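Reader: I have a structure on my screen and would like to talk through some of its side chains. Could you help me look at it?

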Amino acid sequence: MQPQPTSLPRRRLLTGGAGALAAAGLAGIHQGAMAQATPAAPSATAARPLPGYAEWKKADALIVHSSTTIETRRAAFGTSVITPSDRLYVRNNLPTPPASIVADRDAWLLQVEGVRQPRSLSVRELKSLGLETVAMVLQCSGNGRAFFPSKPSGTPWTVGAAGCVVWSGVPVREVARALGGVSDGGLYMTGTGGEVLPPGLDPLSVIVERSVPLSAMQDALLAWEMNGEPIPLAHGGPLRLIVPGYTGVNNIKYVKRLAFTPRESEAHIMSHGYRISPPGSKGDPSQPSVQEMGVKSWINSPLPGGDGPSAGLVQIHGVAFGGMEAVKGVEVSLDGGKRWQAARLVGPDLGRYAWRQFVLQVHLPEGTHVLASRATDARGNAQPETRGENQSGYNNTSWADHAVTITVA
């Protein structure tokens, strides 16, 4: 079992709205930019140490952008399907709760509403209602933001705000069935996080609460285990709402309330945050919400820098996923997208929501090569060449942006 921090430094939250925001590092949230409150990445000469709640992670595999944003290095993904917990990225919208919440995991309470028999259930009780395991890609909505030429504010993620993770827990549909079913009029599944909120503020301005369509309930889990171990505090333990195929923000950490509602949450993170806003505009409820993921891939080796590969036989490998669909195939280009070759999917197929490793063995001559990958899902949707421009740098699936230029000696 991986070591877990036994204590977590508590932030001192000042009284009063502005003071509380400044103390918690949430000033940007109050200004209407939930995903844009994180400072730019530190330079290589000013690397930050891992925060206390994540000090058990593998430091040399990670980039610490801030106390709430940690990225997996592109070269650290390796060649296995599952991302090790100690290499998995972290993206928190609020300071991490105290470690005391995972001292007695089975005692954590979830309030279930919008069912015919609403009540609170402990994790211990949830464990008696059912069990399923799902492998899925967990990806921050802003993964790939660093490739936007407009340089949107927020964490400059490249590819490392993603991983493929195995979750175990009770299916949400079984919980709803045990409580008499979803009440009439329920159109959304709404999860509320259990973070400690700064005092002196309207809770709706900072609370992590997201709504997804009710149909997502069919594959959703209330999970207590990640990669075969109790979910670490850093990743939402003791209980996390898992919504396969949806971006990370919809997978609510420390979930304390699950409600089936006729309308989307009015929390700012739902109504205005994580919206696909045109460049130069602010988020509002009329714009699309960041929810389902699209088909995407990228190459993890070889990469620029270091000694680089030698001329001759080279293994080009990376990862591909379809978001809501399974990956059907991957192509690789050695010349920036002019010509494509079919790559081979390798390793176990862990289901439609997991990513697949791909590999292409080629002979590369000396010189400069632009390597790109392009995935296609089971419905025939191909990864696009260009990104969808938006104010916050969300949902970048561009194969051209994710290409790498290498020099072969």
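This is a predicted model: local features need pLDDT of at least 70, side-chain atom pairs count only at pLDDT 80 or more; totals for chains, interfaces and linings use all residues.

Reader: What kind of aromatic pair do Phe-77 and Trp-298 form?

Author: The count comes to 8 aromatic pairs in this model. In the pair of Phe-77 and Trp-298, the centres are 6.0 Å apart and the planes are at 50°. Planes under 30 degrees apart count as stacked and over 60 as edge-to-face, so the rest, including this pair, are tilted.

Reader: How many residues apart are Phe-77 and Trp-298?

Author: Phe-77 is found in the loop between β2 and β3, while Trp-298 belongs to strand β14. The pair therefore links distant parts of the chain, and Phe-77, at 6% relative accessibility, counts as buried.

Reader: Which charged residue sits over the ring of Trp-340?

Author: Trp-340 also pairs edge-to-face with Trp-399, because their planes are at 90°. Over the Trp-340 ring, 4.1 Å from its centre, lies the charged end of Arg-374.

Reader: Which residue has a side chain joined to that of Gln-383 by a polar contact?

Author: Gln-383 lies in the loop between β20 and β21, and at 2% relative accessibility it counts as buried. Among the residues it touches are Arg-374 and Trp-399. The polar contact spans 2.7 Å, and the partner is Ser-297.

Technical notes. Residues are numbered from 1 along each chain as its sequence is written. Side-chain values use heavy atoms; hydrogens and water are left out. Helices (H or I, at least four residues) and strands (E, at least two) are DSSP runs, numbered from the N terminus. Buried means under 20% relative accessible area, exposed over 50%, partly exposed in between (1.4 Å probe, protein chains only). A polar contact is a pair of N or O atoms within 3.5 Å; within protein, one must be able to donate a hydrogen and the other to accept it, and residues adjacent in sequence count only if both atoms are side-chain atoms. Contact means heavy atoms within 4.5 Å. Rings of Phe, Tyr and Trp (its six-membered ring) pair if their centres lie within 6.5 Å; planes under 30 degrees apart count as stacked, over 60 as edge-to-face and the rest as tilted. A charge sits over a ring if NZ of Lys or CZ of Arg is within 6 Å of the ring centre and within 35 degrees of the ring normal. Lists of a residue's contacts leave out its neighbours within four places in sequence.
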